[in-house]
Amino acid sequence: MQLQAGHILKKLIQSICILIVLVSSYTVNAQLLTATKSAAETTEEIPQDSLGRRNPRGTVNGFIQAMADQNYVRASQYLVLSKRSFRKEEERERIVKSFQSLLDQSGDIVPYSLISNKSTGRTDDDLGQGIDLVGTITVDDKPISLYVENQAGEKDPPLWQFSAETVDAIAAINTEDQTLLDRILPDALKERKLAGVPVGHWVAVVVLVLISYLMAWGIIALISFLLIKLWPKARTQKMEAIIEAFSLPLKLYLAVWLFVSLSQHVGISIIVRQRFSYITVTIGIVAFLILLWKLTDFISVYSKEKMTLRGRISAISVILFLRRTAKMAIVIIGVIAILGAIGFDVTTWLAALGIGGIALALGAQKTVENFVGSVALITDQPIRVGDFCRVGDIKGTVESIGMRSTTLRTVARTIVTIPNGEFSSNSIENYSQRDRFLFNHVFGLRTETSPDQIRYLLVELRAILYSHPLINPEPAKVRFTGVGESSWNIEILAYIEVGNFDASQEVQEDLLLRMMDVINKSGSGFAFPSQTVYFAKDGGLSKEKSDEAATKVKNWKENKELHLPKFDPKHIDELKGSIQYPEEGSVLNKDEENGK
């Protein structure tokens, strides 16, 4: 039943894997076709905008770049200036400078990689169509949402600008206050500029990076120290490995969070912060990948130790293969995620992976089937190395269980290699896992055997089973099962309590010889399977022995000691272990007498 469940599980895993690959490939290819079609439409139907305002990301990027170039008139073209007074050049410059000052003091813009680069904007948020949220500004503890909105008509090409609501809210705020950084920086570092930003801001970024990492390192080190001191379980090797796996990723996450918070608090220019947004997102992805990498190592090492202690050496190769596969997947996913965070279009990459997945699923189907089969063999453990088993029509001893196939050495001393997919899908009969061995024989007695002789045999044969020290008396049965074509049939059913096949053969041999003695003593004999022709010299059955058996049965009846249809439990207890095994005269008994 367990093997059948393992076979079903194996088939289910194969089907799921192929389905996932096909579905993901179909989705990716559909995305690629959609993206290609969209790109074609953009190239053919949507004219290029000189300011790059065809999507939300282009609008935000162009606005930040215009402020870095100190071209405030161009920057104002990214804003919806609804009021007539805003159309004066001086007023437009004032609004842009106010916008920049607010962003420097308490503003936050979403990293570029998370802003939509589609002409339709984001369609998976709760905002209306043609409106995207790209950041916030906090003034007097009240957040002001920064929206970009598509200002184009229904048939016009898209034109994304900061919404009139956002511009009106910014224009109404007094922004004469300086940031903390501008108040403490010397004039020399504020007057000299690099990429449109005072040099002092770039110097402050370097300082904040160092401070953030040192603070993160100190906080994580303190937490680790307190865990080890206050939680005794943290001192175990297992928990120390888990703490070490989380240590570096948490340091990086905390350092990034501290840097973003501190840079916004001290008033680092939004131009600098937005350029570093790629780096912060990338570091976050790298930290997560490092965590997955370290957890993969920890789980594989822990699993190897467990399998080694349990003696399941064949499982180690599967664990190592899964670890390498997981790490390869982490690298591929990490590269794609980082490229996407930087701003590359990874749709084509994903499509290539999807097509490659289909090719792999079709071309390596047998390989995957054999690998899943090896996993099923190792997890279910229907067989182990050294077991004697039968797989289909093949009998042999298991010599090795590999990632692709399993080898058996047959009784003819030949080697048979069976692919694991085929091996695990077949019915497997393991002879080595038996806790006892069946003793089941049918004795066909001659038809001249009398009923009293049969009664005598039923009692004496049962007495042998009950008396033998290596026979389990609970299911031991001796029954007169019926009349055959040329014999009276007595069936014996019992279990031999030994640990291996060779020992069971020895006990079976002993039982058969003892039972032959009893049958001979009863005056009966074995029937021939074919018709018997009797000659004059055949004396037939022994009348003397038949009379002895009948007399003994008569005495049993008179003394009420006939143990039919079953034995008295008290008599069974008296018989237990009364047979000498090995029998008298055996060389093993001689060895015991000599103290061997």
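Helix α16 passes helix α17 in a right-handed crossing. The structure described here is a predicted model.

**The helix pair**

Two packed helices are described by the angle between their axes and the distance between the axes. For α16 (residues 451–467) and α17 (residues 501–521), the angle is about 155° and the axes lie 10 Å apart. Angles over 145 degrees count as roughly antiparallel, and therefore α16 is roughly antiparallel to α17.

On the side of α16, the contact is made by Tyr 456, Leu 457, Glu 460, Leu 461, Ile 464 and Leu 465. Helix α17 contributes Leu 511, Arg 514, Met 515, Val 518, Ile 519 and Lys 521. Sorted by class, this contact of α16 with α17 comprises 9 nonpolar and 3 charged residues, with no polar ones.

Most residues other than glycine have a negative phi. Which phi does Gln 70 have, although it is not a glycine? Gln 70 has a positive phi of about 60°. Arg 413, which is not a glycine either, has a positive phi of about 70°. The table sets out the location and accessibility of these residues.

| Residue | Phi | Loop | Relative accessible area |
|---|---|---|---|
| Gln 70 | about 60° | between α2 (56–68) and α3 (72–76) | 38% |
| Arg 413 | about 70° | between β9 (405–410) and β10 (415–419) | 58% |

Gln 70, in the loop between two helices, α2 and α3, is partly exposed. Arg 413, in the loop between the strands β9 and β10, is exposed, because its relative accessible area of 58% is over the 50% cut-off.

Note on methods. Residues numbered from 1 in each chain as written. Predicted model: local features only at pLDDT ≥ 70, side-chain atom pairs only at ≥ 80, totals over all residues. Heavy atoms only, no water. Helix = DSSP H or I, 4+ residues; strand = E, 2+ residues; numbered from the N terminus. Buried < 20%, exposed > 50% of the residue type's maximum accessible area, 1.4 Å probe, protein only. Axes fitted to C-alpha atoms, helices over the stretch in contact; angles between N-to-C directions. Parallel < 35°, antiparallel > 145°, perpendicular 65-115°, else oblique. Left-handed = near helix turned anticlockwise from the far one by under 90°. Contact = heavy atoms within 4.5 Å. Nonpolar A, V, L, I, M, F, W, Y, C, P; charged D, E, K, R; others polar.
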